[in-house]
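The text then goes through both topics in turn.

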Amino acid sequence: MDADTGGHGIGTVLVLGGGGARGAAQVGVLGALAERGIRPDACVGTSVGALNASICAAHPLDRAVSLLEEIWATPETARVLTGRPIALVLNQLRRRPYLRDGEDLRRLVRRAFSVGGVEGFESLRIPLHVLMTDLLAGVPVVATDGSLEDALCASASVPGVFPPVLVGGRPCVDGGVTENCSLATAAALQPEHIIAIDLTSEEISPGLRRFGEVVDRVRQVALQSKLLSDFDRFSNRLRVTLICPTMTHAWRRSSLKDLVSMRRAAFASSQRLFSRITQPDGQLETGMFQITLGTETI
């Protein structure tokens, strides 16, 4: 069990990476962590990981998982993941630099606040660090105070899909552009242990026949390259447990039913992993661990 370290600094920092609908798998991993008695002392989140992290920062992990399961089953979640075709077409015809207006994101954040009893940074039990990207400066921005609603909306505003959000006078977009799974932000807190859940690992398409598949693969390679570099850099001096659920092609769907199946598959796979890497004192081994989500529940 990871607990507070008394006067020796922060104990465990939980880092939740971005990944859209794959955030449902992240909730499954969190459920398995909660079963192991993990108690984070601070959270770092990017994009959908920031939304999940906001609930984890507001409640003990077992309670947070229960609330996240409720949030991921809402119509607001489905609307963000699927979009509204008419709005997409209208924004294209108007030649706007984004496909959607961002209101669906804001409605989801507000629904999550309502379900989770969150009012802002000041209402959280433990510190939360939300990663965004300053679109003009091209640098990561970390929010720890101010408007949590704006920070979460900015952190998930994928460029070209959603418009930038002004945070502290800066036009900010998806934190995943610069720091998708920010081990660096966690390491700066000098914790005893970092537990990170990255969502960029997926089964490689053998053909890459479509333009979108090529773009997705290039982005995936870039994100994973940075993650591996950061892991090598920080694991030399800190205890880092990096968990990487691997998505198969069967998971490329985003209906509410599919999200439940994804979460359950991630939970089962994580349980098997943790049974192998939990040490006698209850702490998780350090290292990078990949889990493949089974498709038996699809």
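This is a predicted model: local features need pLDDT of at least 70, side-chain atom pairs count only at pLDDT 80 or more; totals for chains, interfaces and linings use all residues.

Residues are numbered from 1 along each chain as its sequence is written, and side-chain values use heavy atoms, with hydrogens and water left out.

Two packed helices are described by the angle between their axes and the distance between the axes. Helices here are DSSP runs of H or I with at least four residues, numbered from the N terminus. Axes are lines fitted to C-alpha atoms over the stretch in contact, and angles run from 0 to 180 degrees between N-to-C directions.

The axes of H1 (residues 23–35) and H3 (residues 61–71) come within 9 Å and cross at roughly 155°. That makes H1 roughly antiparallel to H3, a label for angles over 145 degrees. The crossing is left-handed, meaning that the near helix is turned anticlockwise from the far one by less than a right angle. In contact (heavy atoms within 4.5 Å) are Val27, Leu30, Gly31, Leu33 and Ala34 of H1 with Leu61, Asp62, Val65, Leu68 and Glu69 of H3. These residues divide into seven nonpolar, one polar and two charged. Ala, Val, Leu, Ile, Met, Phe, Trp, Tyr, Cys and Pro count as nonpolar, Asp, Glu, Lys and Arg as charged, and the others, Gly among them, as polar.

For H6 (residues 103–116) and H7 (residues 148–155), the axes come within 10 Å and cross at roughly 130°. That makes H6 oblique to H7, the class left over once angles under 35, over 145 and from 65 to 115 degrees are set aside. H6 passes H7 in a right-handed crossing, where the turn is clockwise. H6 contributes Leu105, Arg106, Val109, Arg110 and Phe113 to the contact, and H7 contributes Leu148, Glu149, Asp150, Leu152 and Cys153. Six of the contact residues are nonpolar, none polar and four charged.

On a 1 Å grid over the protein atoms alone, a cavity is a set of points where a 1.4 Å probe fits but cannot get out; lining residues have an atom within 4 Å of a point. Grid points are joined across faces, edges and corners, and a volume is the space filled by probe spheres set on the points.

A pocket is an open set with protein on both sides within 12 Å along at least five of seven lines. The second largest pocket holds about 190 Å³ of space. Of its 13 lining residues, Arg39, Pro40, Pro60, Leu61 and Arg125 lie nearest its centre.

Conventions:
Helices (H or I, at least four residues) and strands (E, at least two) are DSSP runs, numbered from the N terminus.
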